[in-house]
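Student: I am new to this structure. Please take me through one part of it slowly.

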Amino acid sequence: MGPDEMHLQVLRELADEVAKPLSIIFEKSWQSSETPTDWKRGNIYPIFKKKGPGNYRLVSLTAVPSKIMEQTLLETMLRHMENKEVIGDSHHGFTNSKSCPTNLVAFYDTVTALVDKARTTDIIYPDLCLISKLERQGFDRCTTQWIRNWLDGHTQRVGVNGLITKWRPVTSGVPQGSVLGPALFNIFQQHGQWDISKFDNDTKLHGAVNILEGRDAIQRDLHS
């Protein structure tokens with residue numbers, strides 16, 4: 001269970017009783033752009049993988065009401081992203097019919113074609129701001145401000161063999177285990193008109209350059 005210690009089955013059994021109060025809480029949260037502290041907490045549990053004794057996958061359990069609010073917001077955001085064509089063809093993560101291999105194939109096809117022409121290729125791994133991207137993509141103010149507040153102040157703790165650590169702040173990244181995480185990450189990885197191969201946290205901006213000044217031009221465009 002998540003930090004609220006509420007099992008999903010409880011809400012399912014009491015759906016008729018809790019639907020109205022939860023809808024009021026969700027509406028107030030969205031209008032005020034504020035999220036409860038419990039929605040910003042996650043219990044992290046390491047799940048053993050079969051590739052070796054030191055290889056674990058971290059699973060984050062968050063509050064159930066937060067997931068419901070995120071799912072409601074996600075549906076609206078996905079419609080906006082589809083109508084505005086926010087996600088381009090270069091994106092391979094969390095996208096139907098694409099994967100890590102298709103990302104690598106697209107990237108290497110571009111680079112090897114330039115190498116065959118004896119061209120120099122520069123690769124940049126950018127780190128840009130999510131909130132400013134939401135604003136540029138035309139999401140409404142309440143949604144943008146709610147996400148800003150929701151991303152700020154997250155904490156998590158790790159549980160192993162019945163023991164659990166103290167709460168620690170999450171200083172970067174999209175909250176693990178969240179419903180909105182994949183969609184927000186896709187928006188985060190949009191970088192204009194440069195040739196890009198995007199998958200999860202492996203985003204590569206690349207292009208042919210003839211002289212060193214070309215690299216300076218790319219950097220200026222990224223900062224503008």
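Is Glu5 buried or exposed? After that, I want a close look at helix H3: which residues of H3 meet H7?

Tutor: First, the ground rules. This is a predicted model, in which local features need pLDDT of at least 70, side-chain atom pairs count only at pLDDT 80 or more, and totals for chains, interfaces and linings use all residues. Residues are numbered from 1 along each chain as its sequence is written, and side-chain values use heavy atoms, leaving out hydrogens and water.

Now Glu5. It counts as exposed, because its relative accessibility is 61%. Buried means under 20% relative accessible area, exposed means over 50%, and partly exposed lies in between (1.4 Å probe, protein chains only). Glu5 sits in the segment before helix H1 (8–13). Its phi is near 55°, a positive value in a residue other than glycine. Most residues other than glycine have a negative phi. Asn161 also has a phi near 55°. It lies in the loop between strand E4 (155–160) and strand E5 (163–164). Asn161 is exposed, at 78% relative accessible area.

Next, the whole chain. It has eight helices and eight strands. These are DSSP runs, numbered from the N terminus: helices (H or I) have at least four residues, strands (E) at least two. Of the 224 residues, 33% are buried. Contact means heavy atoms within 4.5 Å. Among contacts with a separation of 6 or more, 66% join residues 24 or more positions apart.

Now to H3. Two packed helices are described by the angle between their axes and the distance between the axes. Axes are lines fitted to C-alpha atoms, for helices over the stretch in contact, and angles run from 0 to 180 degrees between N-to-C directions.

Start with H7. Helix H3 (residues 64–83) packs on helix H7 (residues 181–188) at about 30°, with the axes 10 Å apart. H3 is therefore roughly parallel to H7. Roughly parallel means under 35 degrees; over 145 is roughly antiparallel, 65 to 115 roughly perpendicular, and the rest oblique. The crossing of H3 and H7 is left-handed. That is, the near helix is turned anticlockwise from the far one by less than a right angle; clockwise would be right-handed.

Here is the answer on the meeting residues. H3 supplies Leu74, Met77, Leu78 and Met81, and H7 supplies Ala183, Leu184 and Ile187. This contact has seven nonpolar residues, no polar and no charged ones. Nonpolar covers Ala, Val, Leu, Ile, Met, Phe, Trp, Tyr, Cys and Pro; charged covers Asp, Glu, Lys and Arg; the others, Gly among them, are polar.

H7 itself is mostly covered, with seven of its eight residues buried. Those buried residues pack against H3, H5 and H6. One of them is Leu184. Beyond its neighbours within four places in sequence, Leu184 contacts Met77, Leu130, Leu134, Ile147, Trp150 and Val174.

Turn to H2. Its axis comes within 11 Å of that of H3, and the two cross at roughly 65°. This crossing is right-handed. Leu22, Phe26, Ser29 and Trp30 of H2 meet Pro65, Ile68, Met69 and Leu73 of H3. Seven of the contact residues are nonpolar, one is polar and none is charged. Ser29 counts as buried, because its relative accessibility is 5%. Setting aside neighbours within four places in sequence, Ser29 touches Glu34, Thr35, Trp39, Met69 and Trp146.

Then H6. H3 and H6 pack at about 145°, with axes 12 Å apart. H3 passes H6 in a left-handed crossing. On H3 the contact uses Ser66, Met69, Glu70, Leu73 and Met77; on H6 it uses Thr143, Trp146, Ile147 and Trp150.

Finally, the core. A nonpolar core is a set of buried Ala, Val, Leu, Ile, Met, Phe, Trp, Tyr and Cys residues joined through side-chain atoms within 4.5 Å. The largest one has 22 residues, and Met77, Leu134, Trp146, Ile147, Leu180, Leu184 and Ile187 touch the most other members. Helix H2 (15–32), H3, helix H5 (130–136), helix H6 (141–151) and H7 each give two or more residues to this core. H3 gives the largest share, five residues.
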